[in-house]
Amino acid sequence: QVQLVESGGGLVQSGGSLRLSCAASGSMVGIYAMDWYRQAPGKQRDLIASITTEGRTLYTDSVKGRFTISRDPTENKMYLQMNGLFPEDTAVYYCHAARLRAGKIDSYWGQGTQVTVSS
C-alpha cells in the first residue's frame, strides 16, 4: 500500500503562484509514475501532469509552461509548482501514484487539496 498526502493548497489571486506537495509513504516498489490530477466543481477529474521514475514529464496543454512537476525520490515527495494561476485553475488537486504489479496497474490517491484562484 501507498499513502499519499497533499498539502500546499489555498487561496491565491489571479497571476499568483502556489506550490503543492505530495508526501508518499509505504512501499514505493514498482511505482513507475506519479501524477497530479485536478477536479473542478461539476467536472471530471483530469490528469494535468505526470512524472516517471526516470524523470520524464508530461503536461496537459492548459498548464504547459505555467506548471512544473518534480519529484524527490530520496524523500518520497512530489511537487507541483504552479505559476501564472488563472481562476479556471480553481479545483481540488489530487496526487496519484501508479504501480505495475503482475501485469496489473494499482492506483493510489491522496485526499486532495483545494486550490482557489480569485479574479
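In which sense do β5 and strand β6 (residues 57–59) pair, and over how many bridges? They pair in the antiparallel sense, over three bridges, where two strands count as paired if DSSP finds at least two bridges between them, and where helices (H or I, at least four residues) and strands (E, at least two) are DSSP runs numbered from the N terminus. The model is a predicted one, in which local features need pLDDT of at least 70 and side-chain atom pairs count only at pLDDT 80 or more, while totals for chains, interfaces and linings use all residues. Residues are numbered from 1 along each chain as its sequence is written, and side-chain values use heavy atoms, with hydrogens and water left out.

Within this pairing, isoleucine 51 stands opposite threonine 57 in β6, and the hairpin that β5 and β6 form has four residues between the strands, with glycine 55 taking a positive phi near 90°.

Strand β5 (residues 45–52) is also joined to strand β4 (residues 31–39), by seven bridges, and these two strands run antiparallel. Tyrosine 37 stands opposite leucine 47 in β5, and the hairpin of β4 and β5 has five residues between them, with glycine 42 in the turn at a positive phi of about 75°.

Serine 50 has its place in strand β5. Serine 50 is buried, because its relative accessible area is 13% and buried means under 20%, exposed over 50% and partly exposed in between (1.4 Å probe, protein chains only). Not counting residues up to four places away in sequence, serine 50 touches Met34, Asp35, Arg56, Thr57, Leu58 and Ile69, contact meaning heavy atoms within 4.5 Å.
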